[in-house]
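Hi there,

Here is the structure I promised to pass on. My notes on it follow below, so please have a look with the model open beside you.

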Amino acid sequence: MDAAASPRTTPCSIEEVRIEHFSGDVLGMGCESPRLSWKYRGSIELLPEDAVVEIRLRRLSPDGALLSEETVERAIASSTLCPWPFEPLKSREQAILSARVFAGSARGSLGANQGWSRPVTGEVGLLLPGDRKAAMVGPAWAEPWSDCRHAPQVRTTFVLASAPVHARLYLSAHGLVEGEVNGRRVGEDILTPGWTSYGDRLTYSTFDVTGLLRAGGNGMGFWLGDGWYRGRIGFKGGAVDTYGSRLGVWAQLELAYADGSTETISSNAWDGRWQARKGPIAFSGLVEGERYDARLEELGWSSGRLDETGIGWERVTELPFDVMVLEETRTAAVRKTGEHRPVAITDLGEGRFLLDFGQNCSQRLRLRLTGFEAGSTVTVHHAEVLERDGSLATRPLRRAVQVDSYTSNGQDAEWEPRFTLHGFRYAEIEGWSDTMTADDVWACVYGSDMERTGWFECSDPDITQLHSNVLWSMRSNFVSVPTDCPQRDERFGWTGDIAVFAETAAFLYDTQDFLSNWLVDVASETERWGTVPYYVPFVPLGEWRVPEAIAIWGDAAVFVPWSLYLAGGDVQRLAEHYPLAAAWVDEVTGYLSDDGVWDRRPNLFSGQLGDWLDPSAPPEDPALALTEKELVATAFFARSCGLLSRMAEAIGKPADAKRYRDLAGHVREGFVERFHRSDGTMTSDTQCAYALAIVFGLLVGVPDAERSAGVRLAELVRQQGYTVATGFAGTPYVLPALSSTGHLEDAYALLLSKDCPSWLYQVSMGATTTWERWDSLLPDGSVNPGDMTSFNHYALGSVAEWLHEVVGGLSPIEPGWKVFRIAPQPGAGIDHAEVAHETPSGRARLAWRWQAGLLSLDATVPPGTLAVLEVGGRSETLRGGRHQRSYEWEPAPSLAAAEGMSGV
């Protein structure tokens with residue numbers, strides 16, 4: 001440290017404090033001793049050896065009274081997921097936290113408020129079952145039909161002697177719920193309480209409603225919708241009433257007053273003040289759409305009006321409910337994350353308009369309706385793409401018709417459906433009363449509200465667009481659970497899709513809470529069914545109704561926890577998910593032949609799914625791939641064994657680590673013996689086979705095998721005209737296998753190809769998301785004839801990981817990015833790129849430019865981390881701060897220019 005530096009000019013400060021993995025203030029925490037993290041601004045390397053971090057905690061009761069204030073000191077290096085250093089918190093208690101750096105002997109010379117970070121507040125939820133006093137209540141009327149049931153509203157009224165100084169609404173439901181207090185919406189969440197395995201756990205949300213209440217008469221109202229709970233969900237006709245047939249609300253309003261007194265108002269059927277009626281939502285389905293009849297609205301229904309003369313209201317009934325399944329929400333809610341105005345409006349005549357919003361994603365239309373007569377109806381149809389004749393391509397939606405309608409009561413209004421969500425870029429509106437303009441309609445974008453962590457762009461606009469497409473597909477499908485698609489009639493949490501995409505996802509967004517929350521349900525469903533189901537939460541449907549152990553899909557039990565650990569370095573979370581991963585590996589071990597090969601055929605209609613959606617597979621049989629399914633299954637299982645061994649080592653289970661390491665070696669030996677020929681070729685001479693063998697390290701120990709596999713893979717890529725010949729299994733690993741074996745130029749040629757099948761073929765066809773099939777849209781502009789065609793799947797978008805690591809040049813070496821690699825590999829005419837990743841310690845960034853034989857780098861290394869810079873055979877270790885370097889460099893040539901490849 002500079003001798004002139006003073007306590008008031010310390011070389012670094014605390015940028016932010018985090019509670020667990022949450023960003024910002026937290027309402028309704030589910031733990032009494034949350035871990036703490038903080039990020040530094042400036043250079044901790046310049047601090048003296050005796051510098052420390054001081055953490056201050058102020059405890060408040062619900063009425064805002066200060067219970068205590070205390071501070072502790074922690075080492076500078078202990079900045080990520082530091083164990084809670086205070087006495088455990090209690091239900092409803094508020095913890096206000098801030099931190100500052102003490103630079104050695106300066107301790108004590110700073111003022112009482114000098115240098116503190118912005119305070120962050122964590123409020124504990126209802127930790128104990130006894131804290132949860134409300135009952136689940138809903139309509140008492142009979143509903144003879146299983147579908148198209150009228151959505152109810154529930155309300156109550158109450159009188160308050162004075163306005164509270166603190167008010168929390170704890171809210172959950174059987175079905176979906178949105179709340180209002182005194183006519184104003186509570187929070188911004190939609191599709192609450194999200195989708196979990198409801199029989200095992202049901203989450204509740206916590207809302208601050210202090211500003212919505214007043215002295216005197218008050219009211220609460222709740223909209224209810226079918227959602228996943230009882231709505232028809234899934235393919236092959238779907239399933240209805242999966243978790244129950246009765247909708248209900250669980251609501252607990254807790255109030256604290258200035259004099260220290262408290263009051264609780266809970267949903268119940270005994271006090272006569274909770275009522276239900278059939279509201280203006282005549283029907284709502286997650287995939288079908290919503291019908292709204294404004295003529296059924298009742299003004300002031302959720303206000304504090306004390307008379308009970310409203311039409312159709314009747315007392316609620318209490319529904320069977322086990323309070324023990326309630327738990328605090330573990331992850332970000334689904335919220336509005338953006339909006340789109342139409343980029344084109346086409347008048348089709350007779351009150352019909354076709355709208356193009358320019359971006360395919362998960363969204364809903366919001367309409368501004370003026371001048372409509374009572375009883376007139378506006379209907380909205382949605383689709384991802386257009387047919388060749390310009391009409392909406394609705395065939396791929398199957399049962400998910402995605403149709404919303406609004407019937408006017410003669411009054412001007414703004415309307416957006418409430419309990420449905422659509423995947424679309426285009427919409428057709430019928431029944432419009434006048435000319436439509438961009439001021440009349442916009443699309444509200446929705447998804448689980450995760451924090452963005454990854455950015456990439458480069459000099460090739462098509463590659464930058466490809467990265468954007470991957471990002472949008474992830475945003476569209478991370479909606480409460482990691483779904484496969486947001487538009488057609490399944491929208492399930494398919495385990496295979498996220499198994500191959502989890503590491504890519506962790507580059508783009510902070511997935512720690514989102515995927516950990518989902519893994520809790522994977523574990524419970526695995527325990528229930530005896531294996532990892534094909535999708536989670538699991539609903540028995542069609543030929544998928546009995547789960548079987550399937551490679552890749554089941555390997556999500558290992559791949560997803562590992563991706564979270566690699567990105568966040570959270571050993572505690574890794575330990576929580578370890579039993580699930582071990583259960584999967586232990587189960588499959590029993591299916592292996594003596595030589596370690598997984599060749600036992602599951603009882604599924606296709607056996608193993610293998611390299612699902614290999615582009616050579618016919619539209620009607622996506623599992624008919626070129627690569628042997630036993631090869632794929634054994635390769636992925638070897639990878640799972642190896643990762644599980646590393647997980648066991650990380651959480652302090654050395655005996656398990658050795659056992660699974662030995663198992664991985666046994667499976668690897670079987671793989672080589674069964675699928676690798678003495679001449680260096682694979683029994684399946686395919687891109688998938690070689691890519692898996694190389695990236696999963698299955699040829700290690702076999703002399704020259706990995707080099708020859710790389711050579712053969714490059715030959716196949718050339719022979720196939722630089723087009724992709726892999727499906728879900730092989731696609732994430734083709735480019736890494738090429739670049740890691742010295743075939744970077746071939747990797748770039750494959751990346752830049754615009755012939756089908758390829759990533760940029762989709763871009764050239766106008767895609768704004770990644771597709772399920774390489775040819776979801778055929779070259780002539782027609783939709784693939786297969787029954788399973790989606791234009792918004794993230795699995796093939798796993799290529800974005802290679803963009804970050806190889807083109808951009810950033811990749812983790814140690815979990816949590818404590819040590820990471822800076823190693824850009826420019827090529828194929830891309831002369832500049834910029835990539836950034838928000839690590840647990842701060843933002844890592846690299847911008848590079850190649851010009852006139854000189855490669856210039858501008859890198860930022862977060863405080864407290866190390867970066868290993870590897871360029872052109874040179875290696876250098878960089879500490880926190882900004883670093884600039886220049887090197888003489890000749891990038892990999894463009895094979896398009898060298899060989900005149902068409903379509904590249």
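First, a word on geometry: axes are lines fitted to C-alpha atoms, for helices over the stretch in contact, and angles run from 0 to 180 degrees between N-to-C directions. Please keep in mind that this is a predicted model, where local features need pLDDT of at least 70, side-chain atom pairs count only at pLDDT 80 or more, and totals for chains, interfaces and linings use all residues. Residues are numbered from 1 along each chain as its sequence is written, and side-chain values use heavy atoms, with hydrogens and water left out.

Now the helix pairs. Helices (H or I, at least four residues) and strands (E, at least two) are DSSP runs, numbered from the N terminus. Helix α5 (residues 556-568) packs against helix α6 (residues 571-589) at an angle of about 165°, and their axes are 8 Å apart. The two are therefore roughly antiparallel (over 145 degrees). On the α5 side, the contact (heavy atoms within 4.5 Å) is made by Ala-557, Val-558, Pro-561 and Tyr-565. Residues of α6 that take part include Leu-574, His-577 and Trp-584. By class, this contact has ten nonpolar residues, one polar and no charged. Here Ala, Val, Leu, Ile, Met, Phe, Trp, Tyr, Cys and Pro count as nonpolar, Asp, Glu, Lys and Arg as charged, and the others, Gly among them, as polar.

Helices α7 (residues 629-650) and α8 (residues 654-675) pack at an angle of about 160°, with axes 8 Å apart. These helices, too, are therefore roughly antiparallel. Among the residues in their contact are Phe-637 and Cys-641 of α7, and Tyr-660 and Phe-671 of α8. The α7 contact with α8 divides into 14 nonpolar, three polar and four charged residues.

Two single residues may also interest you. Gln-512 lies in helix α4 (residues 512-529). Not counting residues up to four places away in sequence, Gln-512 touches His-21, Leu-564, Ala-567, Gly-568 and Arg-573.

Leu-866 sits in strand β39 (residues 866-871). Leu-866 and Glu-814 are 52 residues apart in sequence, and their C-alpha atoms are 9.9 Å apart in space. Beyond four places in sequence, the contacts of Leu-866 include Phe-820, Val-861 and Leu-878.

Best wishes

Notes. Parallel < 35°, antiparallel > 145°, perpendicular 65-115°, else oblique.
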